[in-house]
Amino acid sequence: MSDLRPSTPVRTALTDLAARFAATVLTAGGEEASAGAVEVTGLSLSSQRVEPGDLYAALPGARVHGAAYAADACARGAVAVITDAAGLELLGRDDSGVAATTPVLLVEEPRTILGRLAAEVYGRPSAALRMIGVTGTQGKTTTTLLAEGGLRRAGLRAAVIGTVGTRIDGHDVKTSLTTPEAPDLHGLFAVMREREVEVCAMEVSSHALVMGRVDGVVFDVAVFLNLGRDHLDFHPTVEDYYQAKASLFTPERTRLGLVNLDDEHGRRLAAEAPVPVRTFALDPARGADWSVTDVVATAEGSDLVVIGPDGVRIPDRKSTRLNSSHRCIS
């Protein structure tokens with residue numbers, strides 16, 4: 001059984017996908033088509049990773065259009081192609097290697113619908129999970145791994161997705177990007193649903209937000225850690241970088257924000273976010289909903305007291321050290 005795809009995939013009629021995304025159904029030869037009884041069981045951006053039953057997403061690239069690889073995708077079992085006008089033109093060439101009768105979904109900008117399309121193909125699996133998305137220049141990996149550890153310690157089936165790969169209910173899965181491309185991501189969610197995972201904590205990079213990799217996901221909680229000056233090769237300015245991060249904290253992407261008030265951009269985000277926000281800080285003077293005090297760093301981890309809403313202290317002030325069930329590992 002693949003770790004990246006569900007063993008029993010949802011079967012979706014190509015005509016239903018066309019109607020859902022206002023796509024024109026044609027043949028590779030440019031003729032109108034009905035798509036008949038064609039069913040889709042997966043979605044792939046890479047012709048080399050197509051599985052039988054897939055819809056192949058032939059997107060324009062920086063140097064080569066994905067339609068140039070459609071023949072390989074079809075040879076591997078793709079039942080249809082989704083592409084734009086430039087891709088359709090390539091598919092219709094005599095030397096394309098693609099059968100003229102191959103069903104094609106034609107949309108103006110396929111990249112913009114890819115995340116929502118992937119969610120639909122896999123049966124909207126993230127809706128069956130509690131989703132935690134973590135963004136920030138530093139600390140995403142540590143935070144998501146700590147969240148996964150805490151959730152599993154609490155007896156929940158948990159998964160984590162990030163820089164060091166993916167782990168589903170304690171089983172490691174190799175992935176290549178901090179935030180996988182949308183087809184791979186929703187395929188992973190479908191595997192999690194199949195394996196009865198309850199909660200997924202994942203890193204959400206600014207690249208992923210700008211490129212639509214997490215489209216089709218509504219997080220239950222989105223966490224903002226900090227914002228530095230990294231990735232200015234991708235973002236033209238710090239403001240652009242901030243806006244990319246801030247886009248996670250909108251009703252289309254999350255139900256609740258959890259924001260670090262020790263960071264200046266976090267303070268701005270807490271004031272500007274159009275979703276409900278809870279806050280945290282190391283400095284109790286920030287007035288955050290959650291803060292810490294009495295921090296003692298040891299070789300085994302860090303002992304601390306958490307101050308919650310209304311000044312509630314966890315553990316009680318009489319405690320001198322946290323017991324092992326509350327210990328936070330640095």
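Mentor: The discussion below sets values from this model against the definitions of the terms.

Mentor: This is a predicted model, in which local features need pLDDT of at least 70 and side-chain atom pairs count only at pLDDT 80 or more, while totals for chains, interfaces and linings use all residues. Residues are numbered from 1 along each chain as its sequence is written, and side-chain values use heavy atoms, with hydrogens and water left out.

Trainee: How many helices and strands are there in the protein?

Mentor: The protein has 9 helices and 18 strands. These are DSSP runs numbered from the N terminus: helices are H or I with at least four residues, and strands are E with at least two.

Trainee: What makes Thr179 buried?

Mentor: Its relative accessible area is 0%, so Thr179 is buried. Thr179 is placed in the loop between strand 11 (171-173) and helix 6 (182-194). Apart from neighbours within four places in sequence, its contacts include Met202, Glu203, Arg213 and Val214. Over the whole protein, 48% of the 330 residues count as buried.

Trainee: How do you know that strand 8 and strand 13 pair?

Mentor: Two strands pair if DSSP finds at least two bridges between them. Strand 8 (residues 130-135) and strand 13 (residues 221-224) have 4 bridges, in the parallel sense, and Thr135 stands opposite Phe224 in strand 13. Strand 13 is also joined to strand 14 (residues 257-260) by 3 bridges, and these two run parallel. There, Val223 has Leu258 in strand 14 as its bridge partner.

Trainee: What is the span of helix 5, and what is expected?

Mentor: The expected span is 1.5 Å times one less than the number of residues. Helix 5 (residues 140-153) has 14 residues and reaches 20 Å from its first C-alpha to its last, close to the 20 Å expected.

Trainee: Which residues of helix 5 are buried, and why are they said to line one face?

Mentor: The buried residues of helix 5 are Lys140, Thr144, Glu148 and Leu151. Seen down the helix axis, they fall within an arc of 70 degrees, so they line one face of helix 5. The arc is that of the directions from the helix axis to the C-beta atoms. Their cover includes strand 8, strand 9 (158-162), strand 10 (165-168) and strand 12 (199-203).

Trainee: Why is the pair of Phe224 and Phe249 called edge-to-face?

Mentor: The structure holds 1 aromatic pair. The ring centres of Phe224 and Phe249 are 6.4 Å apart and the planes stand at 70 degrees, so the pair is edge-to-face. Rings of Phe, Tyr and Trp (its six-membered ring) pair if their centres lie within 6.5 Å; planes under 30 degrees apart count as stacked, over 60 as edge-to-face and the rest as tilted. The pair links distant parts of the chain, with Phe224 in strand 13 and Phe249 in the loop between helix 8 (238-246) and strand 14, 25 residues apart. Phe224 counts as buried because its relative accessibility is 0%, and Phe249 counts as buried at 0% relative accessibility.

Notes
Buried means under 20% relative accessible area, exposed over 50%, partly exposed in between (1.4 Å probe, protein chains only). Contact means heavy atoms within 4.5 Å.
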